[in-house]
Amino acid sequence: MLFNGCWTTAIAIPYLGLAPLRFPRFSHEIAIPLIELLTGGLWLSGWIALAAMIPSPGACHYASCHALQALIVVGAIQWATFVVTNTFAIIDLKNSRRNAKNHRDDAAPEMAGADANATGTPATADAVV
């Protein structure tokens, strides 16, 4: 779980929060959901591994055991948070791909040539020479 906290604090949150705003060149549309999936998977595996290792709540009578129980709850909440944000990232990825496909379909090559001929300008750069 220590690695999960370090990964989330040092790599995932800065990339997911700053790359789209400050460094759009490094903000790839597929990298964001992949980092979200990786981080969510780390939190899921971490809290499940800890939950499997600690004793039952009735046998837990010391402070470190209670701290581990709290850490498991925090890990589960972190995982749930990344599930929600990953859902939004995947929806955004699907919408951006769909919109890009629609824009490519709107700018078909035959339409570009027809528009150029209607204005009297050549359709290609070769026709200028």
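Tutor: What follows is a discussion of a predicted model, taken topic by topic.

Student: Where does UniProt place the feature "transmembrane region"?

Tutor: The unreviewed UniProt entry places this feature at residues 30-54 and 66-91.

Student: What are the helix and strand percentages over residues 30-54?

Tutor: Over residues 30-54 the chain is 92% helix and 0% strand. The C-alpha atoms at the ends of that stretch are 37 Å apart.

Student: And what about residues 66-91?

Tutor: That stretch is 100% helix and 0% strand, with 38 Å between its end C-alpha atoms.

Student: Turning to packing, at what angle do helix 1 and helix 2 pack?

Tutor: Helix 1, residues 2-22, packs against helix 2, residues 31-53, at about 160°, and their axes are 11 Å apart. The two helices are therefore roughly antiparallel to each other.

Student: Is the crossing left-handed or right-handed?

Tutor: Helix 1 passes helix 2 in a left-handed crossing.

Student: Which residues meet there?

Tutor: On the helix 1 side they include Phe3, Trp7, Tyr15 and Leu16, and on the helix 2 side they include Ile35, Glu36, Leu42 and Trp43. The residues of this contact divide into 12 nonpolar, 5 polar and 1 charged.

Student: A new topic: how many aromatic pairs does the structure hold?

Tutor: The structure holds 2 aromatic pairs. One of them is formed by Trp47 and Trp79, a tilted pair with 6.3 Å centre to centre and 55° between the planes.

Student: Which parts does that pair tie together?

Tutor: Trp47 lies in helix 2 and Trp79 in helix 3, residues 63-106, so the pair ties together parts that are 32 residues apart in sequence.

Student: Finally, what is Leu93 in contact with, leaving aside its neighbours within four places in sequence?

Tutor: Leu93, which is found in helix 3, is in contact with Glu29, Ile30 and Pro33 once those neighbours are left aside. Leu93 and Ile30 are 63 residues apart along the chain, yet their C-alpha atoms are separated by 7.1 Å.

Definitions and conventions:
Residues numbered from 1 in each chain as written. Predicted model: local features only at pLDDT ≥ 70, side-chain atom pairs only at ≥ 80, totals over all residues. Heavy atoms only, no water. UniProt positions renumbered as here; feature names shortened; annotations may be inferred. Helix = DSSP H or I, 4+ residues; strand = E, 2+ residues; numbered from the N terminus. Axes fitted to C-alpha atoms, helices over the stretch in contact; angles between N-to-C directions. Parallel < 35°, antiparallel > 145°, perpendicular 65-115°, else oblique. Left-handed = near helix turned anticlockwise from the far one by under 90°. Contact = heavy atoms within 4.5 Å. Nonpolar A, V, L, I, M, F, W, Y, C, P; charged D, E, K, R; others polar. Phe/Tyr/Trp six-rings, centres within 6.5 Å; stacked < 30°, edge-to-face > 60°.
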